[in-house]
Amino acid sequence: MSDFLPHPFWNFSLELYAGEGVAEACLDLQERRGCDVNVLLFCCWLGASGRPTLTAERLHSILAASDAWQSEVVKPLREMRRRLKDRSWPGALPETVDAVRRRVADAELAAEHAEQLKLAGLHTPPADRDRSPEKRLRAAVGNLGVYAVCLGVIPDEKDRKAVATLMRATFPALAAPEVAEAVGLAA
């Protein structure tokens with residue numbers, strides 16, 4: 001990962017994604033709802049860093065700019081990595097297939113990093129360093145709500161639980177009931 005250009009969004013994403021249950025929540029939303037994990041993380045980062053909530057119009061324009069990279073670069077790499085892992089390849093040495101899979105995984109990670117830099121370049125309004133954690137939580141949840149609207153998703157209980165996992169990891173200093181209330185979960 002040392003080859004990657006440093007960026008606060010990338011650093012935030014690495015830390016958040018390593019949080020308890022975050023990877024599983026993101027991948028669940030990706031598989032069930034078609035979410036782009038980088039956009040989920042971007043929505044969290046914008047709120048956590050004290051930036052204002054995205055408008056649907058602004059997020060639509062960000063998605064339009066990042067969708068081509070996601071569909072033409074990231075997803076094909078992900079599909080190739082999965083095929084290399086999930087299928088048997090008669091005549092190929094398992095060690096060789098595994099080495100190729102690792103290189104494809106590295107390329108996929110590099111493509112994700114490039115997408116994150118693009119997202120941050122498309123929209124990074126100034127941060128309000130004095131914004132309270134509660135307001136930052138509401139902004140992050142609001143961003144994810146706007147993303148759901150852009151995807152045409154009506155969040156269900158499973159979605160809210162996944163978002164709560166993201167919010168607990170993003171805002172560890174806030175009480176779990178406060179996070180549950182912000183995402184619309186019954187206490």
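**Entry 1: the largest pocket**

I looked up which helices line the largest pocket, and I found that helix 1 (8-17), helix 2 (22-33), helix 3 (37-48), helix 4 (56-86) and helix 5 (94-122) each supply at least two residues. I note at the outset that the model is predicted. Helix 5 contributes the most to this lining, namely five residues.

I then looked up the volume of the largest pocket, which is about 460 Å³. The lining numbers 17 residues, and those closest to the centre of the pocket are Y17, V37, E108, L109 and E112. Sorted by class, the lining holds eight nonpolar, four polar and five charged residues.

**Entry 2: E108**

I turned next to E108, which is among the residues closest to the centre of the largest pocket and which belongs to helix 5. Is E108 buried or exposed? Its relative accessibility is 7%. I therefore record E108 as buried, because the cut-off for that term is under 20%. Leaving aside residues up to four places away in sequence, I found that E108 touches L77, R78 and R81.

**Entry 3: helix 3**

I checked the length of helix 3 against expectation. For its twelve residues, at 1.5 Å a residue, the span should be 16 Å. The C-alpha atoms at its ends are 16 Å apart, so the two values agree.

I also asked how many residues of helix 3 are buried. The count is twelve of the twelve, and helix 3 is therefore largely enclosed by the rest of the structure. Among these buried residues I list V37, F42, C43, C44 and W45; V37 is also one of the residues closest to the centre of the largest pocket.

What covers the buried residues of helix 3? I found that the cover includes helix 1, helix 2, helix 4, helix 5, helix 6 (133-151) and helix 7 (157-170).

**Entry 4: cysteines**

I searched the whole structure for disulfides and found zero. C26 is accordingly in no disulfide, and the nearest cysteine sulfur to its own is that of C44, 7.0 Å away. C26 is buried, with a relative accessible area of 0%.

A disulfide would need the two sulfur atoms within 2.5 Å. C43, one of the buried residues of helix 3, has a relative accessible area of 0%.

How values were computed: Residues numbered from 1 in each chain as written. Predicted model: local features only at pLDDT ≥ 70, side-chain atom pairs only at ≥ 80, totals over all residues. Heavy atoms only, no water. 1 Å grid on protein atoms, 1.4 Å probe; cavity = no way out; pocket = protein on both sides within 12 Å on 5 of 7 lines; lining within 4 Å. Points joined across faces, edges and corners; volume = space filled by probe spheres on them. Helix = DSSP H or I, 4+ residues; strand = E, 2+ residues; numbered from the N terminus. Nonpolar A, V, L, I, M, F, W, Y, C, P; charged D, E, K, R; others polar. Buried < 20%, exposed > 50% of the residue type's maximum accessible area, 1.4 Å probe, protein only. Contact = heavy atoms within 4.5 Å. Expected span 1.5 Å × (residues − 1).
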